[in-house]
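Dear colleague,

I am handing over the structure below, and would be glad if you could look through it alongside the notes that follow.

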Amino acid sequence: MTDIAQAVGRFVQLARPSRRTPPRLIAAAFEREALFGIRLATFARIVGTAIILVWLMTQNWAFGTAALLYLVAILAGFVGLGVAHLILARATWRRPWQAYVFVVLDVAMVAYVISRPNPFHPFYEAIPPAVMLRFENFTYFFVLLASVALLFSPRLLLFFGVVTGAFWAAAVAWVAAQPRSFTASGAINSLDPEVWLLDLLNPNYVNIESLIMQLVVVGVTSATVALAVWRARRLVRRQVEVERERTNLARYFSPNMVEELARTDRPLGTPRRQNAAVLFADIVGFTRLSETLAPEHIMALLRDYHSRMATAVFAHDGTLDKFIGDEVMATFGTPTPGSRDAANALSCALAMQEAIALWNRERRQAGALEIKVGIGVHYGPVVLGDIGAEQRFEFAVIGDTVNVASRLERLTRELDVEVLAGDALVRELRHELGSNAEPLLKGFSPTPGHSLRGRREAVDAWALARRDAIKKTAGAQSLRP
């Protein structure tokens with residue numbers, strides 16, 4: 001009951017100005033959808049009016065040309081209101097109140113037409129005004145309700161319900177005020193069924209109870225549809241907020257990590273052991289470069305560099321683990337192992353070098369220093385999981401494989417190579433791709449027996465020699481240490 005009461009309370013407040021202004025982008029999206037709704041409603045109005053016109057023409061064909069032209073004029077005016085609303089809605093000087101004005105005009109026209117006989121009908125003088133209330137013409141209001149719902153505005157739907165009730169009550173009151181009309185008599189309240197039935201079937205009788213029922217039905221229906229539209233808008237806002245949060249989260253985490261976090265309401269779990277590929281990339285001579293450039297230029301350089309590296313990582317289904325100054329750490333096969341982790345890691349390393357080559361062309365044209373990047377990549381068992389406090393977790397990947405990849409990246413400086421891949425990664429690559437692995441290994445040559453700092457056993461690796469030596473440009477010096 002509490003939830004229902006809260007929902008009803010929020011619904012009642014729809015007619016009040018909201019203290020919480022929706023985000024500008026959400027408001028703009030709703031405005032675009034409202035304009036699309038007006039176009040759709042106008043199209044539906046034209047099609048529906050054409051169908052109604054055909055029906056009325058077949059029913060009134062025998063009553064003369066004047067009677068038919070009256071119906072055509074009424075329906076044309078109804079279509080004209082819809083077209084005028086669309087034109088004003090698409091104009092640069094449109095205003096929110098215009099939709100309310102057209103609701104009033106639509107309801108007023110329908111109430112007038114269905115409560116008065118056709119003045120060009122041959123039986124016009126003989127038709128009692130109350131007879132018009134006996135037909136099922138009241139259902140035309142629900143056609144209007146459907147078109148208003150397309151505008152996706154709860155307040156407009158509530159306004160429609162109020163305006164329809166007011167105009168229909170006024171129309172019925174006008175009919176009841178005619179000389180021959182009556183609303184109640186002794187016969188209606190009589191206990192004699194024959195007298196009661198004869199008076200009830202009197203063509204001049206105006207059934208107020210029926211009017212009340214119609215007002216209740218249109219009011220409840222309008223409110224229900226308004227509540228449905230309000231709920232739909234609320235769901236849209238929630239979805240937009242979720243997407244915005246996910247977008248903001250993706251600024252700090254890899255897309256695959258964002259998807260993993262979005263699917264669960266718990267941390268990624270206790271530490272676990274699995275195989276993964278680990279990649280490290282670092283700018284050669286960055287420390288020396290930092291001494292010669294202003295801090296803001298260093299920051300701009302890092303942002304450009306990180307952007308290019310992150311693009312390569314994400315394009316190969318990698319997880320961007322962290323930025324440490326100019327160093328980039330990425331993993332492949334985390335948090336969930338895949339069937340191409342080693343292939344993705346090596347392909348990413350090659351894509352990074354291509355990105356750096358293109359960047360250096362731009363820098364040469366701008367007269368800026370070229371940069372050189374060393375990349376180390378390895379494959380093997382790692383330990384991954386959440387570390388940190390309950391208030392802030394960090395997904396970490398640790399282990400000997402991580403250390404070897406980092407040391408291989410450092411070793412690229414001594415060997416003067418672009419990429420240094422551990423032999424374990426090459427073996428896994430061939431296992432994943434078979435003969436298709438050789439194109440990726442083109443240009444790589446084995447370099448066995450490397451002693452890495454902090455590790456007893458030597459590591460075999462495969463090296464990709466530098467394809468283009470960094471040349472000096474006019475007024476610039478190489479970054480090579």
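In this predicted model, threonine 447 stands opposite alanine 461 in β8. Strand β7 (residues 444-450) pairs with β8 in the antiparallel sense over 5 bridges, where two strands are said to pair if DSSP finds at least two bridges between them; strands (E, at least two residues) and helices (H or I, at least four) are DSSP runs, numbered from the N terminus. β6 and β8 likewise pair in the antiparallel sense over 5 bridges, and the bridge partner of valine 417 in β8 is alanine 465. Of the 7 residues of β8 (residues 459-465), 5 are buried, so the strand is largely enclosed by the rest of the structure; buried means under 20% relative accessible area, exposed over 50%, and partly exposed in between (1.4 Å probe, protein chains only).

Some backbone details also deserve a look. Aspartate 416, in the loop between α13 (400-415) and β6 (417-422), has a positive phi of about 55 degrees although it is not a glycine, and it is partly exposed, with a relative accessible area of 32%. Aspartate 317, in the loop between α11 (295-315) and β2 (319-324), has a positive phi near 60 degrees and is exposed at 57% relative accessible area. The peptide bond from threonine 334 to proline 335 is cis, with omega near 0 degrees, and proline 335 lies in the loop between β3 (327-332) and α12 (341-365).

Residues are numbered from 1 along each chain as its sequence is written, and side-chain values use heavy atoms, with hydrogens and water left out. Because the model is predicted, local features need pLDDT of at least 70 and side-chain atom pairs count only at pLDDT 80 or more, while totals for chains, interfaces and linings use all residues.

With best regards
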